[in-house]
Amino acid sequence: MNALLPRIFLRFAGLSLLAVGGAGAVLPEAHRQLVEGEHWFTSSQFAEIFAIAQTAPGPNVIVFPLFGWELAGFAGFCAAALGVLGPSSLLALALARKLRENADSPGLKRLKRALIPLAVGLMAANGAILARAADTNALAAVITFAAAGFVVYSARSPVWAMAAGALLAVAAERLGFL
Amino acid sequence: MRRIDLFLGFFKLGALGFGGVGPLTRRIVVEERRWLDEAEFAALLGLCQALPGANTCNFALMLGDRFCGPTGGLAALAGLLTAPLALLLGVASLFAAFAHNSDVRAALFGAAAAAAGLALGTALKMLKNLPRDAGMWGLAGAAFVAVAVARLPLPLALAALAPASWLLQGRGRS
């Protein structure tokens, strides 16, 4: 068996248990561990894998199996998916009944409210780290800025912003600007 | 409620939820399938936001578990992830096959720049919805600086900021 697979599983299992406030909130830590710690990806590869995951529908967590795919093919995909979903799912199922019975408890409500500002800061950190990796020239910076504005001011699917950014970059490349 | 219904309901959510599944979850679970009413939906989603892991995955698990036990939870989770993961494998294989094409390289470059913008825009929208409270904005800023600027490990940042945020939420309450 590929010796990388248990390491992939453990990395992603650890990340999933740190994901307070959703998958986006743990991406800066994923960047720290996978790019700066393990050197499994360059920073720009990390940003590109995130972009590919955004082209598929579904929850944002699907970016993690894609990291595994880039590292070790289909086996890596499965190891990362099991890692990122397994421990947190077992925890959710184990606590499901107890949590449902106490859904109105002041402590749980307080915990949920306490996590909101942290999730906002972590999502912003995610954007900043991705922008730092992706924006290696002025065109990319303009695309990032425009896409952020699109999300804030338009109710349309963000897939349109991704498509526009991709087309703009292809046009720039064909015209010799890239 | 049967497990196959859970699977199919969440399959639709996964297959149609481009750019995040948040708003669509409410539409399918509350309006279309009428599995939960508004108050039950908000309560269950709130629980999932307090748990570690992907919010929508935990939501599928807990909703399925509520109606059909743990296997119902797994049926809902499998439904949610089947279409996105299959599509993702297809897209990733295509990119791998054309990785050296200069148009594909450029498209990916532009898409990565846009995806960074999507994350920033999502954060701005979350910030707009944050209560106008100096403490909460300060904590959001501190989380940003700790993780994006100081590049502290997340467990360390959370160990410092989560208790502070917890205490802040207790302010003014008995």
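This is a predicted model: local features need pLDDT of at least 70, side-chain atom pairs count only at pLDDT 80 or more; totals for chains, interfaces and linings use all residues.
Helices here are DSSP runs of H or I at least four residues long, numbered from the N terminus.

A:His39 is not a glycine, yet its phi is positive, at about 55°. Is A:His39 buried or exposed? The cut-off for exposed is 12 or fewer C-beta atoms within 10 Å, and A:His39 counts as exposed because it has 8 C-beta neighbours inside 10 Å. Now hop over to chain B, where B:Arg34 sits in the loop between α2 (22-32) and α3 (38-50). B:Arg34 also has a positive phi of about 55° without being a glycine. With 8 C-beta neighbours inside 10 Å, B:Arg34 counts as exposed.

Stepping back to take in chain A as a whole, you'll find seven helices and zero strands. Read from the N terminus, its elements simply go α-α-α-α-α-α-α. The C-alpha trace of chain A covers about 60 × 45 × 25 Å along its principal axes. Of the 178 residues in chain A, 54% are buried. As for the contacts in chain A with a separation of 6 or more, 59% of them link residues 24 or more positions apart.

Helix α3 of chain A takes in residues 43-54, twelve residues in total. From first C-alpha to last, α3(A) reaches 17 Å, close to the 16 Å expected at 1.5 Å a residue. How many of the twelve residues of α3(A) are buried? Nine are, which leaves the helix mostly covered. Among the buried ones are A:Phe46, A:Ala47, A:Ile49, A:Phe50 and A:Ile52, and the list also includes A:Glu48 and A:Gln54.

What do those buried residues pack against? Within chain A, the partners are α2 (23-37), α4 (63-101), α5 (106-134) and α7 (159-174). Chain B joins in too, through its α4 (55-97) and α5 (102-129).

The axes of α3(A) and α5(A) are 8 Å apart, and the two helices pack at an angle of about 115°. Their crossing is left-handed. On the α3(A) side, the contact is made by A:Ser43, A:Ser44, A:Phe46, A:Ala47 and A:Phe50, while α5(A) brings A:Leu130, A:Ala133 and A:Ala134. By type, that contact splits into six nonpolar and two polar residues, with no charged ones.

Now for the place where the two chains meet. Chain A puts 88 residues into the contact and chain B puts in 83. On the chain A side, α1 (4-18), α2, α3, α4, α5, α6 and α7 each supply at least two residues. Which helix gives the most to this side? That's α5(A), with 23 residues. The chain A side divides into 62 nonpolar, 17 polar and nine charged residues.

The crossing is right-handed. Residues of α6(A) in this contact include A:Ala140, A:Ile143, A:Phe145, A:Gly149 and A:Phe150, and those of α5(B) include B:Phe109, B:Gly110, B:Leu118, B:Gly121 and B:Lys125. Sorted by type, the residues of this contact come out as 16 nonpolar, six polar and one charged.

B:Thr56 is found in helix α4 of chain B. Is B:Thr56 buried or exposed? B:Thr56 is buried, because 28 other C-beta atoms lie within 10 Å. Setting aside neighbours within four places in sequence, B:Thr56 is in contact with B:Val21, B:Thr25 and B:Leu80, and also with A:Pro59 from the other chain. B:Leu45 is eleven residues away from B:Thr56 in sequence, and the two are 8.2 Å apart in space, C-alpha to C-alpha.

Notes: Residues are numbered from 1 along each chain as its sequence is written. Chains are lettered from A and ligands numbered from 1 in the order in which they are written. The expected span of a helix is 1.5 Å times one less than its number of residues. A residue is buried if 20 or more other C-beta atoms lie within 10 Å of its own, exposed if 12 or fewer, and partly exposed in between; C-beta atoms are placed from the backbone. Two residues are in contact if their C-beta atoms, placed from the backbone, lie within 7 Å. A crossing is left-handed if the near helix is turned anticlockwise from the far one by less than a right angle, and right-handed if clockwise. Ala, Val, Leu, Ile, Met, Phe, Trp, Tyr, Cys and Pro count as nonpolar, Asp, Glu, Lys and Arg as charged, and the others, Gly among them, as polar. Axes are lines fitted to C-alpha atoms, for helices over the stretch in contact, and angles run from 0 to 180 degrees between N-to-C directions.
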